[in-house]
Amino acid sequence: MDKDVSAGSTTSTSVLGHLALGLTLLAFGLGQTRAIDGVVAATSLPLALYLGGGTLFLAGLLALRTGDTSTGTAFAGFGAFWFIWAISSGDLVSANAAGLFVLLWALLAFSLTLGAGGAGRLFQAAYGLFTVALLLIAIALFGESTVLFKVAGWIAAVAGLASWYGATAALAHWPTAVPRRLLPRRAADRGVTATG
């Protein structure tokens with residue numbers, strides 16, 4: 001491909017990647033919670049492999065090609081996680097080995113959260129929630145806690161909704177910031193002055 005031909009705009013790559021991340025996290029999270037009868041985390045394996053793994057990794061490569069290193073690294077990293085999780089799910093490993101695997105990916109997610117400041121608060125929140133979900137899953141694996149698996153599932157689902165909404169808002173030109181009238185007023189805005 002000629003270097004003068006763009007592989008896609010950073011914005012369209014970001015939208016595609018955040019949609020892929022959001023839908024994968026939502027499916028995975030709802031599976032972890034078992035809130036829907038017959039839906040478990042393994043139900044999301046095909047989605048995790050092709051959408052979370054393949055599409056997200058490709059979006060990461062496209063973002064890196066356009067020079068967006070933060071988003072590109074996040075998408076490629078998360079894509080690699082989903083791909084590895086999908087193809088290795090069901091392998092016979094100890095709970096501690098699985099916990100270590102998830103804990104290492106939680107460290108990567110934490111790094112990506114810190115580097116996502118330029119992506120916007122909504123996406124940074126999605127990355128941060130995903131980090132917390134992975135951390136709780138690792139702890140649940142080490143301690144064999146089904147309650148923590150469910151809590152992690154709900155957090156992952158909320159992270160998925162945040163990523164999905166942010167990408168959909170970019171497509172539909174919806175707001176992503178809370179209107180000023182809904183935010184609590186600061187003391188200076190209420191005419192309160194500091195004394196003393």
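Which residue just after H6 takes a positive phi? Histidine 173 does, at about 60 degrees. The legends below describe a predicted model.

**View 1. Confidence along the chain.** The chain averages a pLDDT of 85. Of the residues, 85% score at least 70. Confidence is lowest in helix H1, residues 10–33, with a mean of 89. It is highest in helix H5, residues 121–143, at 95. Residues 1–9 stay under 50 in pLDDT. For this stretch the model has 10 contacts beyond four places in sequence.

View 2. H6 covers residues 146–172, 27 residues in total. From first C-alpha to last, H6 reaches 38 Å. That is close to the 39 Å expected at 1.5 Å a residue.

**View 3. Threonine 66 in the loop between H2 and H3.** Helix H2 spans 45–65 and helix H3 spans 69–88, with threonine 66 in the loop between them. Threonine 66 has a relative accessible area of 29%, so it is partly exposed. A polar atom of its side chain lies 2.9 Å from the backbone oxygen of alanine 63. Threonine 13 is 53 residues away from threonine 66 in sequence. In space, the two C-alpha atoms are 9.3 Å apart.

**View 4. Helix H3 and its buried residues.** H3 has 20 residues. Its span from first C-alpha to last is 28 Å, close to the 28 Å expected at 1.5 Å a residue. Buried residues in H3 include the glycines Gly72, Gly77 and Gly79. Thr71, Ala74, Ala76 and Ala86 are also among them. So are the aromatic residues Phe75, Phe78, Phe81, Trp82 and Trp85. Glycine 90 follows H3, with a positive phi near 95 degrees.

**View 5. Serine 44 in the loop between H1 and H2.** Serine 44 sits in the loop that joins H1 and H2. Is serine 44 buried or exposed? Its relative accessibility is 4%, so serine 44 counts as buried. Leaving aside residues up to four places away in sequence, serine 44 touches Ala27, Phe28 and Trp85.

View 6. The whole structure holds 12 aromatic pairs. In one of them, the ring centres of phenylalanine 81 and phenylalanine 101 are 6.3 Å apart. Their planes meet at 20 degrees, so the pair is stacked. Phenylalanine 81 lies in H3 and phenylalanine 101 in helix H4, residues 95–114. The pair therefore ties together parts that are 20 residues apart in sequence. Phenylalanine 81 counts as buried, at 3% relative accessibility. Phenylalanine 101 is partly exposed, with a relative accessible area of 24%.

View 7. The rings of tryptophan 82 and tryptophan 85 have centres 5.7 Å apart. Their planes are at 85 degrees, so the pair is edge-to-face. Both residues lie in H3, 3 residues apart, about one turn of the helix. Tryptophan 82 is buried, with a relative accessible area of 0%. Tryptophan 85 is buried too, with a value of 15%.

**View 8. The aromatic cluster.** Which residues form one aromatic cluster? Phe28, Phe78, Phe81, Trp82, Trp85, Phe101, Trp105, Tyr127 and Phe130 do. The cluster includes Phe28 and Trp85, which serine 44 touches. The stacked pair of phenylalanine 81 and phenylalanine 101 also belongs to the cluster.

Definitions and conventions. Residues are numbered from 1 along each chain as its sequence is written. This is a predicted model: local features need pLDDT of at least 70, side-chain atom pairs count only at pLDDT 80 or more; totals for chains, interfaces and linings use all residues. Side-chain values use heavy atoms; hydrogens and water are left out. pLDDT is the predictor's confidence in each residue, from 0 to 100. Helices (H or I, at least four residues) and strands (E, at least two) are DSSP runs, numbered from the N terminus. Contact means heavy atoms within 4.5 Å. The expected span of a helix is 1.5 Å times one less than its number of residues. Buried means under 20% relative accessible area, exposed over 50%, partly exposed in between (1.4 Å probe, protein chains only). A polar contact is a pair of N or O atoms within 3.5 Å; within protein, one must be able to donate a hydrogen and the other to accept it, and residues adjacent in sequence count only if both atoms are side-chain atoms. Rings of Phe, Tyr and Trp (its six-membered ring) pair if their centres lie within 6.5 Å; planes under 30 degrees apart count as stacked, over 60 as edge-to-face and the rest as tilted.
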